[in-house]
Amino acid sequence: MICETLLSAGYNPSCQAPQRGFEADGIIINRSDIDFAASTLNVTNGKGSVVLKNGKTGYPVKQTPRNAFDGSTMELNVGTYVNTWTKNINILLMSVGPDTTDIVNKLVNGDTVLILRNRTKEDAAWPVDGQGVNPKESEYEVFGWEQGLKASAGTRTPNDEDTMGGTQLTLTETGASSHGLFLFVTDKAATDTAYQSLLNAN
Amino acid sequence: MLSRETIEAVTGLKARFNQPYSSADRELIKELYHVILGKTLRNTGCQNCYHDAVIELALFVRNATKKEMATLKAGAIIACPTFHGGQIYTNSNLTDEVAREYLAAFPKRSDLFSILPPKQKRAKKVSNEETKE
């Protein structure tokens, strides 16, 4: 929950045009595999590391580059006492078969965390470098960190040409207190390395 | 000492043991056989010579790596501005020595490791002897 509600910085838009949407690849992690004690990401910091438990690994999620994760939304829910965000991430599985079915079944019944790469890499809202831009902190956005992502919708249209008869799934996190949480370690290079290391079980 | 890449290459080949090896795999096996065992793998046309070579390599690697190396958990890296000038360490370049040094500076961050570096026995012995004196 967000306890501090007083602003401590202003907003200053970046001169660079933000790029909409996500890159075509991300990493999905079983929420139960995350070592929350060793991770530094939290709602207060807004950014930090994501560390997995011994022997656990993340799994790559690849989409077609055009409009990857298309239709994903973040919506504010106005409550009586506390406002929260509902985050919907759409994933298209453009294949059919026993392996795809196995993945779909696990996503449909699972509780996951998804790290997606924003096409916008710079953040203008926290001007710490004196120029109104906090560089390279916006790329890796983490969904499901607070409440987990759970399947909320699924459609398979075998004759649809656009999805090649694949399955569209919506993974939803409800009740998230933070508008956004980001994987970030020290600098851009370290963050890229940390992101890649999520794919190696150790 | 075997590099982590070499160990991973042998592990990967062993994981695919029940499948026929591709031509790229065969080239890799030949190379690893030469690098690790110092012998040349001769293609005698036998059906299982590449699979036999992988068994030989896997056994050698298993014996050579019985001593566990410091290993970071998935997602964990060492990237601290005050440690080694901010150099980034991952499992591909982490050594036991660096891990020990890091843990000496930041003991609370042992939670980043799935395998802690082995303690320096020789250093301990020396310090024990010094204490006795």
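These legends describe close-up views of a predicted model. Residues are numbered from 1 along each chain as its sequence is written, chains are lettered from A in the order in which they are written, and side-chain values use heavy atoms, leaving out hydrogens and water. Local features need pLDDT of at least 70 and side-chain atom pairs count only at pLDDT 80 or more, while totals for chains, interfaces and linings use all residues.

**View 1. Chain B and its elements.**
Chain B has five helices and two strands. Both are DSSP runs numbered from the N terminus: helices are H or I with at least four residues, strands are E with at least two. From the N terminus on, the order is α-α-α-β-α-β-α. Chain B has 133 residues, and 35% of them count as buried. Buried means under 20% relative accessible area, exposed means over 50%, and partly exposed lies in between (1.4 Å probe, protein chains only). Take contacts in chain B between residues at least 6 apart in sequence: 48% join residues at least 24 apart. A contact means heavy atoms within 4.5 Å.

**View 2. Helix 1 of chain B.**
Helix 1 of chain B covers residues 4–15, which is 12 residues. From first C-alpha to last, helix 1 reaches 16 Å, close to the 16 Å expected at 1.5 Å a residue. The expected span is 1.5 Å times one less than the number of residues. Which residues of helix 1 of chain B are buried? They are B:Arg4, B:Thr6, B:Ile7, B:Val10 and B:Leu13. These buried residues pack against helix 2 (23–37), helix 3 (49–64) and strand 1 (71–72) of chain B.

**View 3. Where chain B meets chain A.**
Chain B gives 17 residues to the contact, and chain A gives 20. The area buried between the two chains is about 1300 Å², with 59% from carbon and sulfur atoms. Buried area is the accessible area (1.4 Å probe) that two parts lose on being put together, summed over both. On the side of chain B, B:Lys73, B:Ala74 and B:Gly75 lose the most area to chain A, together 41% of what that side buries.

**View 4. The salt bridge between the chains.**
There is one salt bridge between chain B and chain A. A salt bridge is a side-chain nitrogen of Lys or Arg within 4 Å of a carboxyl oxygen of Asp or Glu. Here A:Asp35 pairs with B:Lys73, at 2.4 Å from N to O. Strand 1 and strand 2 (113–115) of chain B each give two or more residues to the side that touches chain A.

**View 5. A salt bridge across chain A.**
A:Lys188 and A:Glu139 form a salt bridge, with the closest N and O atoms 2.4 Å apart. The pair links distant parts of the chain, 49 residues apart. A:Lys188 lies in helix 2 (residues 188–197) of chain A, and A:Glu139 in the loop between strand 6 (112–118) and strand 7 (140–143). A:Lys188 is partly exposed at 28% relative accessible area, whereas A:Glu139 is buried at 3%.

**View 6. Two salt bridges in chain B.**
B:Asp25 pairs with B:Arg16, the closest N and O atoms being 2.7 Å apart. B:Asp25 is buried at 13% relative accessibility. B:Arg16 is partly exposed at 31%. A second salt bridge joins B:Lys30 and B:Glu27 at 3.9 Å, N to O. These two residues are three apart in helix 2 of chain B, so about one helical turn separates them. Both are partly exposed: B:Lys30 has 30% relative accessible area, and B:Glu27 has 49%.
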